[in-house]
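Biologist: Hello! I would like a close look at a single part of this protein, taken slowly and with its surroundings. Could you walk me through it?

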Amino acid sequence: MPSKNQLAEQLDPATTVLLTVECQQGVVGPGSALPELADQARSSGALDRVARLVAAAHETGVQVLHAVAERRPDGRGANNNARLFRAAGRLPVQQHRGTPAVRIAAPIEVADEDLVVRRLHGLSPIAGTDVDALLRNLGCRTLVVTGVSANVAIPNAVFDAVNLGYTAVVPSDAIAGVPADYTPAMIRNTLALVATVTTADEVLGCWLNRTSRRTVSSGAPGDSGGRPRNRA
C-alpha cells in the first residue's frame, strides 16, 4: 500500500476519474437479475461506499464515469460465446436498453457532469467502448475502479486500464463479488499485483483534505457542492 503522500499524488482530482461499474438497478438494485450479487453489494456496504465516493467526486471536481451493461431486446450485437452470456440471456430480469434495469441504482446520485458509457457486448467496461478515448480527452492518469463484480467486470476494468497506461486504484471495500470470500482473495492474489489497493475512506480523505486545504489557502467559504443531480 502506498504512503499517504503517494496516494494523494495518484488521486489528484485534476487527473483522476472515478469509474462505477454496473452499479445499475438490474444488477445491484432490489429487483436485480443477480440477487446474490445485489445482496452482497448492499450488505457489505460496497454500494453505499460507491455512493459516498461519487458524492465526494462531485464535491471535489473529480470526473465520474458510469459504465452500464445493457442489451437490445433482440440481442443483436451481444456475445454468445461463453456460458455467462448464455445464462444472462435466460435471466428473469433483462438489462434492456431504456428500461429501469439500466438506470444507476440508489443511493448513487448522478450529476449532469457525469459521463455514462453503455456497452452491448463483452466483459469489460473499457475494451470495445468509448471509455479510453474519453479518459484521454479528460487528461486522466488515474482511474479509480468501483462497483461489481469482482468476479468478472472489475478485474477486466483494472487489467484494461493498466494495459492502456493508466494507474488503477481499487478501493477494496467499494467493490463486491460472490461468494463473499472471493473478493478479498481476488484483491490479494490478483488485483494487488497490478493496482493500488486502498479503501474508500482513504480515497475520500485524499480528495476532501485537498479541497479543505485549497479552501483555507484561498480564504473562500466552503462549498458543499450544489451541483445539479439527476437519475441516469
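Where is the place of Ser149? Please start there and follow the chain into what comes next.

Modeller: Happy to! Keep in mind that this is a predicted model. Ser149 sits in the loop that runs between strand S5 (142-148) and helix H7 (153-163). The peptide bond between Val148 and Ser149 is cis, with omega at about -5°.

Ala153 counts as buried because its relative accessibility is 3%, and the cut-off for buried is under 20%. Not counting residues up to four places away in sequence, Ala153 touches Val21, Glu22, Leu123, Pro125 and Val148. Val148, then, is both a partner in the cis bond with Ser149 and a residue that Ala153 touches. For a distance to check in your viewer, take Ala153 and Gly122: they are 31 residues apart in sequence, and their C-alpha atoms are 9.5 Å apart in space.

Just after H7, Gly165 has a positive phi of about 100°.

Now let us turn to Glu22, one of the residues that Ala153 touches. Glu22 belongs to the loop between strand S1 (16-21) and helix H2 (25-28). Its backbone deserves a look: phi is positive, about 55°, although Glu22 is not a glycine. With a relative accessible area of 13%, Glu22 is buried.

Glu22 also leads us to Ala67, which has Glu22 among its contacts. Ala67 lies in strand S2 (residues 63-69), and it counts as buried at 2% relative accessibility. Leaving aside neighbours within four places in sequence, Ala67 is in contact with Leu19, Thr20, Val21, Glu22, Gln24, Val117 and Pro125. Along the chain, Ala67 and Val116 are 49 residues apart, yet 6.0 Å separates their C-alpha atoms.

There is another cis peptide bond to inspect, joining Val178 and Pro179, with omega at about -10°. Pro179 lies in the loop between strand S7 (175-176) and helix H8 (182-194).

Stepping back to the whole chain, the secondary structure comes to 9 helices and 9 strands. The radius of gyration is 17 Å, close to the 17 Å that the globule rule gives for 232 residues, so the chain is as compact as a globular protein of that length. Of the 232 residues, 46% count as buried. Among contacts between residues at least 6 apart in sequence, 82% join residues at least 24 apart.

As for confidence, the mean pLDDT is 92, and 90% of the residues reach 70 or more. Over residues 222-226, however, the pLDDT is below 50, and this stretch has 2 contacts in the model beyond near neighbours in sequence. Where pLDDT is low, the predicted coordinates should not be read in detail.

Terms used. Residues are numbered from 1 along each chain as its sequence is written. This is a predicted model: local features need pLDDT of at least 70, side-chain atom pairs count only at pLDDT 80 or more; totals for chains, interfaces and linings use all residues. Side-chain values use heavy atoms; hydrogens and water are left out. Helices (H or I, at least four residues) and strands (E, at least two) are DSSP runs, numbered from the N terminus. The radius of gyration is taken over C-alpha atoms; the globule rule is 2.2 Å times the number of residues to the power 0.38. Buried means under 20% relative accessible area, exposed over 50%, partly exposed in between (1.4 Å probe, protein chains only). Contact means heavy atoms within 4.5 Å. pLDDT is the predictor's confidence in each residue, from 0 to 100.
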